[in-house]
Amino acid sequence: MIKRNLLAVAILSVVATGAAQASDGQIQLNGNILNQTCTVAIDGTPTANSTIVLDGIPAADLEKNTLNTVSGGTLKGSDVMRTIQITLQDCALPSGKTKVGVSFDNTGYGQSAYSTYRNMLLDSINTVATAARGVGIGFTAPASASDLVMGETKSEFTAPEAGGVLAYDYQIRYVRTADAAADVVAGDLDSVATFSLVYE
């Protein structure tokens, strides 16, 4: 599998004035720049960024479902709060690749141990007092609604057809990440879930 939706290159430089320079090794870097991958739309809107507002729920509703994490654990979570559809069109795949899929990243606010996205309101002194604790946001797919999706291993790969549209549906849930229901603190919850296009 190859991930080529976002290319980031970081170069760290140290300049020492007047110091002798010598080469003691080398690192070979290989990459790939694509003219276009796919045109992305979320719920029919042609954009790769979207804001979704979820209804609030009582903390007790976090216990309604048992959800499986990618790492093999189980967590409790709410019913489906919202279903979103990510569509891909006009895909230009990298050389040697025939299929494309969507992968929810475990970077940024992703918590790979829980397969969820954490509450970013806990990071600011301006919002931490009113932030919910012990709760994250998770995604499931309708075909396996008890399995949280995060990372390439949970991607569904499809071969695009010329002029066709690939549609991927995902369900959004609140997920209890606290060890016990009594440890959940009610409050506000904001997070950012990022996804990448992956190929095989």
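**Figure 1. Salt bridges in the predicted model.** The structure holds 4 salt bridges, and the model shown in every view is a predicted one. Three of these contacts are taken up in the close-ups that follow, after an outline of the fold. The protein chain contains 12 strands and 0 helices, so the elements from the N terminus on are written β-β-β-β-β-β-β-β-β-β-β-β. Of its 200 residues, 32% count as buried. Among contacts with a separation of 6 or more, 77% are between residues 24 or more positions apart.

**Figure 2. Close-up of the salt bridge between Arg-176 and Glu-63.** The closest N and O atoms of Arg-176 and Glu-63 are 2.7 Å apart. Glu-63, with a relative accessible area of 28%, is partly exposed.

**Figure 3. Close-up of the salt bridge between Asp-79 and Lys-64.** In this pair the closest N and O atoms are 3.6 Å apart. Asp-79 lies in the loop between β4 and β5, and Lys-64 in the loop between β2 and β3; the two residues are 15 apart, and the pair links distant parts of the chain. Asp-79 is partly exposed, its relative accessible area being 37%.

**Figure 4. Close-up of the salt bridge between Asp-123 and Arg-118.** The two side chains meet at 3.0 Å, N to O. Asp-123 has a relative accessible area of 48%, which makes it partly exposed. Arg-118 is also partly exposed, at 27%.

**Figure 5. Close-up of strand β11 and its pairing partners.** Strand β11 (165-176) is mostly covered, with 9 of its 12 residues buried. Strand β4 (residues 74-77) pairs with β11 in the antiparallel sense over 2 bridges, and Gly-77 has Val-175 of β11 as its bridge partner. Strands β5 and β11 run antiparallel and are joined by 8 bridges. Strand β9 is likewise antiparallel to β11, with 6 bridges between them. Ile-172 in β11 has Arg-82 opposite, and Phe-139 also stands opposite Ile-172.

**Figure 6. Close-up of Thr-87 and its surroundings.** Thr-87 is a residue of strand β5. Its relative accessibility is 13%, so Thr-87 counts as buried. Apart from neighbours within four places in sequence, Thr-87 is in contact with Thr-39, Val-40 and Ala-41, and with Val-165, Leu-166 and Ala-167. Strand β5, to which Thr-87 belongs, is joined to β11 by 8 antiparallel bridges.

**Figure 7. Close-up of the largest pocket.** This pocket has a volume of about 1,200 Å³. Its lining consists of 44 residues, and those closest to the pocket centre are Ile-52, Ile-137, Ser-191, Val-192 and Ala-193. The elements that contribute two or more residues to the lining are β2 (39-42), β5 (82-89), β9 (135-141), β11 (165-176) and β12 (195-199). Sorted by class, the lining has 30 nonpolar residues, 10 polar residues and 4 charged residues.

**Figure 8. Close-up of the second largest pocket.** The volume of the second largest pocket is about 230 Å³. Its lining is made up of Ala-141, Pro-142, Ala-143, Ser-144, Asp-147, Val-149, Lys-154, Glu-156, Ala-167, Tyr-168, Asp-169 and Tyr-170. Strands β10 (144-148) and β11 are the elements that give two or more residues to this lining. The largest share, 4 residues, comes from β11. By class, the lining has 7 nonpolar, 1 polar and 4 charged residues. Ala-167, one of these lining residues, is also among the contacts of Thr-87.

Conventions
Residues numbered from 1 in each chain as written. Predicted model: local features only at pLDDT ≥ 70, side-chain atom pairs only at ≥ 80, totals over all residues. Heavy atoms only, no water. 1 Å grid on protein atoms, 1.4 Å probe; cavity = no way out; pocket = protein on both sides within 12 Å on 5 of 7 lines; lining within 4 Å. Points joined across faces, edges and corners; volume = space filled by probe spheres on them. Nonpolar A, V, L, I, M, F, W, Y, C, P; charged D, E, K, R; others polar. Buried < 20%, exposed > 50% of the residue type's maximum accessible area, 1.4 Å probe, protein only. Pairing = 2+ DSSP bridges. Contact = heavy atoms within 4.5 Å.
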